[in-house]
Amino acid sequence: MAPTPPPRSRRSRVADRSPLPSLRKRRPETVPVRTAPRGPRLVRLAMWSALGAGPLALAATLFAPPTSVVQAAPAPHPTEERTPADPRGAAELFVDLWLRADGANADSGIATAVRALAPEVDLPKRPRSTDAPAAAAGRVVAVRTVVGPGTWTVVVAALRDQVESAPAGVPNTMAPLVRYYAVSGTGGAEGTPVTIGGAPAEIAAPDAAAVPAAQFTHRVPAGGALEVSLGEFVRAYLGGGQGGGLERYLSPGLRLSAPKTAPYVRIEVTDVLTDAEAATATAVPADGTKARVRIRVSGEDKLGVRWPLVYRAEVTARAGRWEVSALESGITDLPAGTSSSSPAVSGGGR
């Protein structure tokens with residue numbers, strides 16, 4: 001016979017009838033999570049942003065206050081001014097060809113070139129003789145030009161290389177070495193072509209230009225400070241820069257190149273004139289004193305030929321001596337901010 005189980009307490013019986021199951025601690029189950037790729041997500045985000053920006057931009061354009069747009073005006077192009085044609089070159093060429101042309105040979109190259117410049121011009125006619133002088137040969141130079149309203153006249157000097165002899169039966173006469181011709185024509189203004197009116201006209205030599213009044217009226221004494229300084233300067237200049245160079249005779253900042261091919265073996269200053277009385281003193285005046293001088297120079301070459309030369313210069317007193325501040329008969333580079341009292345030109349004067 002089976003043993004009888006011991007009686008249970010009332011609390012135990014109530015617990016057995018409770019509908020709540022017993023609570024137990026369980027470990028949570030791990031569920032794998034898939035990570036979506038970011039590429040498609042970024043593409044969708046960009047698409048939605050673009051679609052959203054369209055209406056916003058349209059609304060901003062419609063409701064924005066009107067503004068005026070200022071556009072830069074195009075830079076004006078200056079009107080090109082036509083430079084008037086210079087008739088001197090055409091006149092020189094025309095006279096040169098015309099003097100050598102022969103009307104008896106109208107098909108020659110020279111005659112064709114002449115008629116290209118002036119189609120209706122008459123040509124010189126030379127006799128068919130072996131003793132006839134040959135065509136003139138030399139050079140032509142325009143010496144004067146007169147321009148009127150729509151017209152012009154150029155005086156051309158024709159220099160012959162050889163004096164022509166007279167043909168047989170004609171007394172020999174000395175032909176002039178230089179003959180002058182006046183050539184007239186139209187055109188040249190505002191870019192219009194130059195037209196020669198006809199054959200040249202032989203004229204007398206033009207009157208010489210009036211000699212300007214003497215500018216150098218004071219003579220610099222020989223052996224004075226200025227005459228000695230200029231003598232040393234000229235000898236250094238025409239000696240090719242030898243004997244110590246030119247820098248010691250020039251004002252600060254002045255650059256001057258000496259002629260390297262000067263053929264002179266002996267150089268001396270024969271006369272010095274000035275336009276300032278202060279430069280005639282034996283001693284050097286106060287610093288800053290300026291004067292313009294005309295220097296006559298005699299240079300002897302290796303063959304014993306003596307060449308008279310004339311220079312114009314500006315001198316300045318500094319530190320007890322005279323210095324050349326500008327040589328008007330040469331090419332000088334003046335320092336910045338410095339200007340000569342007269343333009344630099346070549347040639348001599350009275």
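A residue counts as buried when its relative accessible area is under 20%. The legends below describe close-up views of a predicted model.

**Figure 1. Helix α5 is mostly covered, with ten of its 14 residues buried.** The buried residues of α5 are L226, E227, S229, L230, G231, F233, V234, A236, Y237 and L238. These residues pack against the strands β7 (255–256), β8 (264–274), β9 (290–301), β10 and β11 (321–327). At 1.5 Å a residue, the 14 residues of α5 should span 20 Å, and this agrees with its end C-alpha atoms, which are 20 Å apart.

**Figure 2. F233 and Y237 form a stacked aromatic pair.** A search of the whole structure finds three aromatic pairs. In the pair formed by F233 and Y237, the ring centres are 5.9 Å apart and the planes are 20 degrees apart; the pair counts as stacked because this angle is under 30 degrees. F233 and Y237 both belong to helix α5 (residues 225–238), and because they are four residues apart there, about one helical turn separates them. Both F233 and Y237 are buried.

**Figure 3. Y237 and Y311 form an edge-to-face aromatic pair.** The ring centres of Y237 and Y311 are 6.1 Å apart, with 85 degrees between the planes. Y237 lies in helix α5 whereas Y311 lies in strand β10 (residues 306–318), so the pair ties together parts that are 74 residues apart in sequence. Y237 counts as buried because its relative accessibility is 10%, and Y311 counts as buried because its relative accessibility is 12%. Ring pairs link F233, Y237 and Y311 into a cluster.

**Figure 4. A salt bridge joins the side chains of R179 and E202.** A search of the whole structure finds ten salt bridges. In the one between R179 and E202, the distance from N to O is 2.8 Å. R179 lies in strand β3 and E202 in strand β5 (residues 201–203), so this pair ties together parts that are 23 residues apart in sequence. R179 counts as partly exposed, because its relative accessibility is 21%; E202, at 46% relative accessibility, also counts as partly exposed.

**Figure 5. R266 and E300 meet in a salt bridge between strands.** The distance from N to O in this salt bridge is 2.8 Å. Because R266 lies in strand β8 and E300 in strand β9, the pair ties together parts that are 34 residues apart in sequence. With a relative accessible area of 47%, R266 is partly exposed, whereas E300 is buried, with a relative accessible area of 16%. Both residues belong to a network of salt bridges that links R266, E268, E300 and R306.

**Figure 6. The side chains of R318 and E323 meet in a salt bridge.** The distance from N to O in this pair is 2.9 Å. E323 is buried, with a relative accessible area of 1%. R318, by contrast, counts as partly exposed because its relative accessibility is 34%.

**Figure 7. A nonpolar patch on the surface is formed by L159, L177 and V178.** Together, L159, L177 and V178 have about 210 Å² of accessible area. One of these residues, V178, is placed in strand β3 (residues 178–186). V178 counts as partly exposed because its relative accessibility is 33%.

Note on methods: Residues numbered from 1 in each chain as written. Predicted model: local features only at pLDDT ≥ 70, side-chain atom pairs only at ≥ 80, totals over all residues. Heavy atoms only, no water. Phe/Tyr/Trp six-rings, centres within 6.5 Å; stacked < 30°, edge-to-face > 60°. Helix = DSSP H or I, 4+ residues; strand = E, 2+ residues; numbered from the N terminus. Buried < 20%, exposed > 50% of the residue type's maximum accessible area, 1.4 Å probe, protein only. Expected span 1.5 Å × (residues − 1). Contact = heavy atoms within 4.5 Å. Patch = residues over 30% accessible without salt bridge, like charges linked within 9 Å, V, L, I, M, F, W, Y side chains within 5 Å. Areas by Shrake-Rupley, 256 points an atom, 1.4 Å probe, with all protein chains shown as cover. Salt bridge = Lys/Arg side-chain N within 4 Å of Asp/Glu carboxyl O.
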